[in-house]
Amino acid sequence: MTSILTYTFKNLPSTSQWAFRFSIRPLSCSSQLRAAPAAQPKSKKTLAKPNLRNIVVVDGVRIPFLLSGTSYKDLMPHDLARAALSGLLQRTSVPKETIDYIIFGTVIQEVKTSNVAREAALGAGFSDKTPAHTVTMACISANQAMTTGVGLIASGQSDVVVAGGVELMSDIPIRHSRKMRKMMLDLNKAKSLGQRLSLISKFRLNFLTPELPAVAEFSTNETMGHSADRLAAAFAVSRLEQDEYALRSHSLAKKAQDEGLLSDVVPFKVPGRDTVTKDNGIRPSSLEQMGKLKPAFVKPYGTVTAANSSFLTDGASAMLIMAEEKALAMGYKPKAYLRDFVYVSQDPKDQLLLGPTYATPKVLEKAGLTMNDIDAFEFHEAFSGQILANFKAMDSDWFAQNYMGRKTKVGAPPLEKFNNWGGSLSLGHPFGATGVRLVMAAANRLRKEGGQFGLVAACAAGGQGHAMIVEAYPK
């Protein structure tokens, strides 16, 4: 392993100097597969702020997250989003006319329904008088939808907002080549047969080569998986550590699914197919089987594989957010408060996936909390190596001082409080919808485990990141 990492370090840019600051040590996750102990009661003050409206999550749902190319493959994104909205209406019984605004996040847009929030809302039977718009911020698109809703309520513009997200990786837009598109547009403008024949004479067979979308950075032209592999090497995260963490994620997700803890999932009757009732990407394996897989990105020496990466996923989610006084007036018992949040950005080349490392200390400081105050951590798992690299960065004074301009480290989250019901590696990651899942997981865990504060964090393409504090609503 040492020789492999040494080889990889030579091919790294500035991140190579990180590697010598982080030791290679095994991460034993086996002890974390048992249920987490109940949170110890604490006498803490609420994070309510004077003269600011308290904003609450009444409830949130998602349709089952499925591997792309399975039961949702013949649908369109707005079909999934509509199903999530319908599930939310059924779960909460909220009158449609009370919704002031609807916001959805998505990443790879279907060109026919670019404002998928509006199309899904109309399809779900919401009033055509209810405004809706769509946001995109890579893997934190749903987070942006939620915090945009928070802003609308905090400013008094709205009292009731639905926020969510959707992604359908089973049917992504594949474009003609630029030359072919130009010829087709010019042909459409041609006014005579001579002009058309002249244009057609310029046609070449290579014009038919399609443009396939890639999960790659526009600014660096590097795939996210390749970046994750470099990051894992830079932070000396071994293949075994990554496989162990992935196995932990799948095992905890299976346990949560079997015990009925994933209560945010609502059934979806797929037109022409059976009713889908649960996520289908949860597949606990063994370290032996996972170890047989070849590297997926950096070949032949990489450590990121299909087994320790999140998979392409179809899915949608939706959340009902209200001003507290409005929720109580309507007779609801909210699940949680949405408190402080931050967005961060850093170098998309070498720090593409370190959003949680940068966002976590900022949101804690903003809320006046420490890591010890957090009872439930819910981080987006793009790759095992990304999670473990963030752990090492967060637990390093050297990294905090040299890269973040901070005097001391914030500290790594304790595993016994971290993603206890599985994460994106096992539950799936529909790019535009994961943020709502993270917040609902934190809210539901706090209620189940008796904790008060949850911390949600995620990385995103472009070197961006997000973190938010979720506070349990008093029982």
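Biologist: Is R445 buried or exposed?
Modeller: Buried. This is a predicted model, and R445 comes out at 0% relative accessibility, so it counts as buried, the cut-off being under 20%.

Biologist: Where does R445 lie?
Modeller: In helix α16, residues 434-449.

Biologist: And which residue forms a salt bridge with R445?
Modeller: E449 does, with the closest N and O atoms 3.2 Å apart. Both residues lie in helix α16, four residues apart, which is about one turn of the helix. E449 is buried too, with a relative accessible area of 14%.

Biologist: What about the backbone, which oxygen lies 3.0 Å from a polar atom of the R445 side chain?
Modeller: That's the backbone oxygen of F377.

Biologist: OK, zooming out. How many salt bridges does a search of the whole structure find?
Modeller: 23. One of them joins K335 and D59, with 3.3 Å between the closest N and O atoms. That pair links distant parts of the chain: K335 is in the loop between α11 and β9, D59 is in strand β1, and they're 276 residues apart.

Biologist: Are K335 and D59 buried or exposed?
Modeller: Both are buried.

Biologist: What does E211 pair with?
Modeller: R175, at 3.2 Å between the closest N and O atoms. E211 lies in the loop between α7 and α8 and R175 in the loop between β5 and α6, so the pair ties together parts 36 residues apart in sequence. E211 is partly exposed at 29% relative accessible area, and R175 is partly exposed at 45%.

Biologist: Which residues are linked in a network of salt bridges?
Modeller: R53, D159 and E325.

Biologist: Switching to rings. How many aromatic pairs turn up?
Modeller: Twelve, searching the whole structure. Among them is Y72 with F268, a tilted pair at 5.6 Å centre to centre and 50 degrees between the planes. Y72 is in the loop between β2 and α3 and F268 is in strand β6, so the pair ties together parts 196 residues apart in sequence. Y72 and F268 are both buried.

Biologist: Which residues form an aromatic cluster?
Modeller: F235, Y358, W398, F399 and Y403 form one.

Biologist: And which arginines sit over rings?
Modeller: R62 lies over the face of F65, 4.5 Å from the ring centre. R339 has its charged end over the ring of Y337, 4.0 Å from the centre.

Biologist: Last one, the surface. Which residues form a nonpolar patch there?
Modeller: L193, L197 and I200, with about 310 Å² of accessible area together. I200 lies in helix α7 and counts as partly exposed at 48% relative accessibility.

How values were computed: Residues are numbered from 1 along each chain as its sequence is written. This is a predicted model: local features need pLDDT of at least 70, side-chain atom pairs count only at pLDDT 80 or more; totals for chains, interfaces and linings use all residues. Side-chain values use heavy atoms; hydrogens and water are left out. Rings of Phe, Tyr and Trp (its six-membered ring) pair if their centres lie within 6.5 Å; planes under 30 degrees apart count as stacked, over 60 as edge-to-face and the rest as tilted. Helices (H or I, at least four residues) and strands (E, at least two) are DSSP runs, numbered from the N terminus. Buried means under 20% relative accessible area, exposed over 50%, partly exposed in between (1.4 Å probe, protein chains only). A charge sits over a ring if NZ of Lys or CZ of Arg is within 6 Å of the ring centre and within 35 degrees of the ring normal. Patches are made of residues with over 30% relative accessible area and no salt bridge: like charges are joined within 9 Å, nonpolar side chains (Val, Leu, Ile, Met, Phe, Trp, Tyr) within 5 Å. Accessible areas come from the Shrake-Rupley method with a 1.4 Å probe; for residues, only the protein chains shown count as cover. A salt bridge is a side-chain nitrogen of Lys or Arg within 4 Å of a carboxyl oxygen of Asp or Glu. A polar contact is a pair of N or O atoms within 3.5 Å; within protein, one must be able to donate a hydrogen and the other to accept it, and residues adjacent in sequence count only if both atoms are side-chain atoms.
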